[in-house]
Amino acid sequence: MMVNFSLLLPAVLNGVTTGAIYALIALGLTLIYGVLHIINFAHGSLLMLALYAAFFLYTLAGIDPYVAVLILVPAFFVLGYGLQRFVIQPTSHGRDENILLVTLGLAIIIDNLALWLWTSTTRTIDTSYAFEVIDLGFAFIPLPKIIAFFGALAFAALLWALITFTDLGRAIRAVARERDGARLVGIRVEHVYAMTFGIGTAAVAAAACFLLPTFYVTPQVGYAFVLVAFTTVVLGGMGSFVGALSAGLLLGIVESLGGLYLGESLGQLGIFVIFILILLFRPMGLFGARA
Amino acid sequence: MLEVRELSKRFGGIRAVDSASLDINEGEIVALLGPNGAGKTTLFAAIAGFVRPDAGSVRLIGSDITGLPPHVICARGLVRTFQIVQPFGALTVRENIAVGAHLHHASRRQALTRAEEVAEQVGLAPRLDQPAATLTVAGRKRLELARALATDPKLLLLDEVMAGLNPTEVSEIVPVIQAIRGSGVTILLIEHVMQAVVSLAERAYVLNNGRIIASGTTAEVASDPQVIEAYLGHGAAARVQSRLEARHAP
Amino acid sequence: MTAKIAGAVLLALLFCVPFAVQSEFWLSFWLLVLMYAFLGQSWNVLGGYGGQFSFGHALFFGIGAFGTAILQVRHGVNAYAAGAIAIALGAIVGGAVGLLVFRYRLRGAYFALVTLAFAEVARILISSFDYTGSGFGMLVPLARGVANFQFEDRRVFYVIAWVLVVIGALVAWWLENSRFGARLMAVRENEDAAQALGIDLIRTKVCAITLSGAMAATVGVFYVQNFLFVDSHLAFGPAMSIEALLVSIIGGMGTMFGPLFGAVVLHALGEAAKQITGNAPGLNLAFYGLLLILALRFLPNGITGLLSRHPARRSPESTHA
C-alpha cells in the first residue's frame, strides 16, 4: 500500500491525542485493578455519566468543560468512594467473580437509567473554540485536541505524584503490595480501597471533561469505552502506570490508522483483536515482565 | 517403583530443587525431611507434574513420566496431596471422594460406593453428607488423603498430612497410613511431626537448599550431623555432640 | 429437593399456558421466558456447573441465528438442515474458543472479558459484509409450513420452547449425576486438586463450552424460526450475553431449575415494572441490573437457595484470583 504522509501524519497525531484520553481512562482502571485486584466493569458507564454531567453543566449552567474539571473531579471522587464503600464492598462477599458481576450490574443500571432519562439522542456541545485549529506546519490539528492531550497528560502526572509522594499514596501502595500487612500496621484497608476507587473514578471525570468538546455523548458510549479501556490496561500490563500510558497512546494510533485504512467499522476490530491476542499470548502485557 | 534422577527446578535465581535423586521401592514408606523452604513441596510438584523440571528425570514403574501433565501422571498411578488442603468446598465429602474414584469408575453409582468404602478406611464415614467446607482441619486432611486414595494409586505422595493436627489426631491418622501401605500402596511423605515419621517410615531423605544432604534409615538420618545443622543452624551439631559428651562424661 | 419439586411443578404449569391463555401477548411473553430459560441453562452449564463466567454468550446465540438465516437465505438450505448445521457450528465455535482460551489458562475475569471481546469481534464482522446482512440484519422469507419449520400456530413454537427447557433440565440433571458433571464441578471448585485427581482441565472445560455453545446456538436457531428476522446488534450485542448470565445467577447458579426460576421471576418483575412505568425504554433493564446486585448481596444461591434447605452449595472459600 502506498503510504501517503499527508494523510498519515494527521491520522497519527489524531490518534495520539485520542490515545492520551484512553490513557487517562485506563489509568483509573489500572489503579483500581492494581490496588483492589478487581476489574471494574462500570468504568465506561461512569465515563458516560461524567460526559453527561459535563454536557449539562455546559448547556444548563454555561460552565465550560475545562472549568467543569474542578467540579466534576471532586464530585466523581465522592461518587466512586461511595460506590466502593457502600455497594461493591458489601455486595461482593469477598469473591472476585462477584465483584465483576456487581460492577456489571452497576453498568447495566447506569447505562439504562441514562437511556431512560436522556434517551438515545446523540448530544454534542458547541464551544467557541471547537473549530479552531493549530497549524503545525506539516498538519493541522484542532485546538481542543491539543488541550485534551496536555490536559490528560497533566492529570496523569498529578495522579503519579499523588501515588508517589503523599501519605495516601504510600498507604495505597502498601495495600496494593501487602494487604494483610498493611492492615496490621494500622492502615484502614477498606478506606484505602474506597479512596482508590474514588481516585480512579475522578480520573474518568477528568477524561470526560477533556473529551466532550471534540466528542459526543450517548448512553451507549460507556460500553464502547469500557472495552477500549480494558484493552489499554491489559496491553500495558495490569496495574502498571507507565504501561497504561504507553498503551493508551499506542491504541489511539492503532485505532486512528485502522479507521484510515479499513474504515470506521472494521477499524474498531483492531482493538478487540489486540485485546484477545494480548490476553492469550502476553497476559502480563506488552511491557510487563514474564511472571 | 519411583526413580528420581538429578531433578532440578529454578525459580528466577533460586534453585528450589538442585539435582535431587531418590529411589522408592514397592511397598515402602519413605519420608522426605528438611527444614522449611528446603524445596520439599517443589520436589513433590515436579515429580507429580505440577511444575516442569528444568533438568533430570522421573521414572514411575520403569516408564518415564518427566514433564507429563498431572492428570496423566495420576492415571499412571501416582497421586499427590496438598500441604494446604484443597477441598471442593461446595461438594459433600462423598462427592469429593467420588471425584477421585471416577478415575477408574465411569459409573456414578460405582464411584459413590467406592467413596463410601474409602471414607470408612480413613474414618470419614460419619461425615459423608457434610459439605467439605464445613470440615475441621483434621477432617480436611483426612479428606485430602481419602480423595487421593480413591484414585487407587500405586504410589501416594503425602504432603504434611499431619501438620496442624493435635497429638490425638496424629495418633489416630498414623494407623490409617499404615493400613494404606498394608493394602499395597507405596508412600512417600513430607512430614514435620518427627514422632510420626519415626513410627511410619523405614527410610528417609533429607533435603536442604534444594539438595539431598542425607539418606538412610530414619534413625541414621535423625542423628546425621549435617541434618542437625540443617535443622538447627550452623554449629548446632557440635553443640549437641559436646552436650551429649558432657552428659556421658564421668 | 424442595427446589426440584418446585421446578417440576412450574414446568407443568408452563405447559398449560397455551391452552389456558388466549391472549397473543401473554403467549409471546411466556414463549420468550422459556427461550431465555434455555439460554440461561446453556450459560449455567459452563458458568454455574463449570465456574467459567462468560460475558459473551451472545456469540453462540448469534452463530446459531445467523448460521441458520444465512444458510436458508443465501444458499436455500432447508430450514431443518440449516438449523442442525447452525447448532453444530455453535458447538464448533464453542470448542474452538474453548481450546484457545483454556489452553492459555485464561480464567476468572480474564475469561469473562475475552468472551465479551469475541462476541464484539463477531458483531463487527457480521455488520461489515453484505453476505451477512451488513448491519441491516437478515430476513428469512415467510413461507408457512411444517416443511419450512414455520408454524401458523404460535403454540407449536411454544411447545418446542417448553421441550427445550425440559431438555435443559435433563442436561443439568445429567451433570449432577455423571462422571463428566462431577469432574466439571471439581474443576469449578479447585483446579489444582482436580488435576491431581486425574482430571484433564482443558478437556473438561472445552467439552463444557462446546455443549454450552451448541445449546445457545439452538436458542438462536429457534429465535430465527420464530421471528424470521435477526440483526447483528440483537444477536451479538451485550444485552443477549447479559440475559444469559442474569437469569442463571438470579435463579441460582449450578442448579437444575435455576435458569427457569430466574427467567420467570426476572421477566415477570420486568414486565410489571414496564406496566407501572408506562414502558419507559431502559427502565426495565436498569431494574434487572438492580435485581442482579440485590441477588448477589442477599441471595448468594439465587432463588433456588431460597427454596432449598441446604443454603451452602457455594462455599465462601472457593474464590479464584
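Select helix 1 of chain B, residues 40-48. Helices (H or I, at least four residues) and strands (E, at least two) are DSSP runs, numbered from the N terminus. Helix 1 of chain B lies across strand 3 (29-33), strand 6, strand 7, strand 8 and strand 9 (203-208) of chain B. It runs at about 150 degrees to strand 7 of chain B. Axes are lines fitted to C-alpha atoms, for helices over the stretch in contact, and angles run from 0 to 180 degrees between N-to-C directions.

This is a predicted model: local features need pLDDT of at least 70, side-chain atom pairs count only at pLDDT 80 or more, and totals for chains, interfaces and linings use all residues. Residues are numbered from 1 along each chain as its sequence is written, while chains are lettered from A and ligands numbered from 1 in the order in which they are written.

**The sheet in chain B**

Now show the strands of chain B. Six of them form an open sheet in the order 6-7-8-3-9-10, with mixed pairing. Two strands pair if DSSP finds at least two bridges between them. Find the edges at strand 6 (78-80) and strand 10 (211-217) of chain B, each of which pairs on one side only. From one strand to the next, the twist averages 15 degrees.

Zoom in on strand 7 (residues 155-159) and strand 8 (residues 186-190) of chain B. They run parallel, joined by five bridges. Pick Leu158(B): opposite stands Leu189(B), in strand 8 of chain B.

**Where chains B and C touch**

Next, display chains B and C together. Their contact takes 26 residues from chain B and 23 residues from chain C. Two residues are in contact if their C-beta atoms, placed from the backbone, lie within 7 Å. On the chain C side, select helix 7 (179-189) and helix 8 (191-196), the elements that give two or more residues. Helix 7 of chain C gives the largest share, six residues.

**On to chain A**

Chain A and chain B do not touch; their nearest C-alpha atoms are 10 Å apart. Of the two pairs of chains that touch, A and C have the most contacts.

Select Thr91(A), in helix 3 (residues 65-92) of chain A. Is Thr91(A) buried or exposed? Thr91(A) counts as buried, because it has 21 C-beta neighbours inside 10 Å. The cut-offs are 20 or more for buried and 12 or fewer for exposed, with partly exposed in between; C-beta atoms are placed from the backbone.

Leaving aside neighbours within four places in sequence, Thr91(A) is in contact with Asn98(A), Val102(A), Ile293(C), Leu296(C) and Arg297(C). The C-alpha atoms of Thr91(A) and Val102(A) are 7.1 Å apart.
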